[in-house]
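Q: I am new to this structure and would like to go through how its chains meet. Could we begin with the term "contact"?

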4 protein chains.
Amino acid sequence: MNQEALQRLMEMVRLGSGLTNTIGIRAVSVEPGVVTLALDKRPDILQFTGHFHGGAIAGLADHAAGGAVSTLLVESGRIAITADLHVKFIKAADGDTLIAKAKALKTGGTIGVAQVEITSVKNGMHELCAIATGTMRAVELPRRPQ
Amino acid sequence: MNQEALQRLMEMVRLGSGLTNTIGIRAVSVEPGVVTLALDKRPDILQFTGHFHGGAIAGLADHAAGGAVSTLLVESGRIAITADLHVKFIKAADGDTLIAKAKALKTGGTIGVAQVEITSVKNGMHELCAIATGTMRAVELPRRPQ
Amino acid sequence: MNQEALQRLMEMVRLGSGLTNTIGIRAVSVEPGVVTLALDKRPDILQFTGHFHGGAIAGLADHAAGGAVSTLLVESGRIAITADLHVKFIKAADGDTLIAKAKALKTGGTIGVAQVEITSVKNGMHELCAIATGTMRAVELPRRPQ
Amino acid sequence: MNQEALQRLMEMVRLGSGLTNTIGIRAVSVEPGVVTLALDKRPDILQFTGHFHGGAIAGLADHAAGGAVSTLLVESGRIAITADLHVKFIKAADGDTLIAKAKALKTGGTIGVAQVEITSVKNGMHELCAIATGTMRAVELPRRPQ
């Protein structure tokens, strides 16, 4: 992946996205087609049960899926926008940190598909707590973060 | 709907959910089987395009779907937890406010299904920007918000 | 809708699709953006419980969704291909006939979205048994059915 | 897995399901939590493009997902019924045979989740053409196939 393009993409992800910063999503690793993000437990992103809120998990999955597809688009000056996000919540997300690993599945044309696994980490133990799929549309990359 | 149970539900929704407060979700109306929520535009819940972030839309849809099913459960001392959330993003959510209207579809046993329409409001014009479906599991209502 | 284009579309739907004929899907009505199809109970499309098989319901929903979006594409010489199909089974499909009503939601570019309601008809009573959503891609209409 | 229970399950799958026989689904392998099924190309299960119809792919995915979860239920006298089926079509299913491999993800209570990969086989080459997820409910196994 072109380093300049990647830098631009990462900068957009870090600076440009209000919600991402608001809930505290951070990048763990970015490689072509695979993006891993993390989200640490904080009172302001939980639900009434004291576990991560489904909306925070969905936001994390969305961002990871978009990132994974974007890594394959960024050289052509494009970025992925979510058209379809589907999250299955399998276990209570009762850990201290969530890890979302998104993998882009190769597709043709202007559409990309990503699969995401979200694991809940508690006392060093990883447990699958949700899976997600996303369909992304490729759009032109803005000149600078807005 | 039993007024005391409804009060307890609303209190939980308002006080108990960190993420909901964090991103600013507010209730517009609650009636048996139908819940309408709103989310006003703020820089901290947008994405790099300057529109509402998909994660914020997903969180809004999730909360509305859970609320709609919960209204049918609350008399029996239960509340809905999301098992499955699917959001289709149809148009850019470029309005000043999002309105999510969730409707519970009657189901048997411990599972409920809700459909959600999310409209973007701009200069008084309403435009459908996303649709969502949720499958919810019924769980015992906690004694008090955590 | 252009009558010649519509005729060509309907002919393709009727003659061109092996599975559709195999399981006995029939058109009830076709208008711009809304397609209603029906499927009558037959032993060879049921599952072990004696009700309609989920695959038959999914096939019916898929065809209705594709048809609804195709009615909006056919004048430009295109037809809808399914990119994403999501079916929620709400009640046992234990009726004598299934009716699927698909409605296209307006979208831009080369993607269309449709919502589908599937009702089970038994002794003249209609009951919602499944809901579905589909995302469709527009492709060039083949010159003749294959 | 109890052999008698497994036999009963397989018999139900083979004899009891009208649609499965109608479109020609066959079992490739069954082990605890993982079921692989195949579907060979035949004119009566295609769509107008000459490729496998989305409904046939959905039916195959549904059956594989249900089977994978059922292998974990059968010892307790239960079988999986689909509550939610989501199929993403990634590439044209233009092969001679489709292979669906479903894997059950462990879940608690009366709900199971399965992930399915569907590959299209053409001239000995395998290509991922669709992915699916299913949420299943556990129900009592009927005494005998109906």
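A: Two residues are in contact if their C-beta atoms, placed from the backbone, lie within 7 Å. This is a predicted model, in which local features need pLDDT of at least 70, side-chain atom pairs count only at pLDDT 80 or more, and totals for chains, interfaces and linings use all residues. Residues are numbered from 1 along each chain as its sequence is written, and chains are lettered from A and ligands numbered from 1 in the order in which they are written.

Q: How many residues of chain A are in contact with chain D?
A: Eleven residues of chain A are in contact with eleven residues of chain D.

Q: Which element of chain A gives the largest share of that side?
A: Strand 6 of chain A does, with four residues. Strands here are DSSP runs of E with at least two residues, and helices are runs of H or I with at least four, numbered from the N terminus.

Q: Changing topic, which rotation superposes chain B on chain A?
A: A rotation of 180° with 0.0 Å of shift along its axis does so, with RMSD 0.0 Å (least squares on the C-alpha atoms of residues with pLDDT of at least 70 in both copies). That is the relation of a two-fold axis.

Q: Which C-alpha of chain B is nearest the axis?
A: That of H86(B), 2.1 Å from the axis.

Q: And how much of the contact surface of chain B recurs in chain A?
A: The same surface serves both copies, as 100% of the contact residues of chain B recur in chain A.
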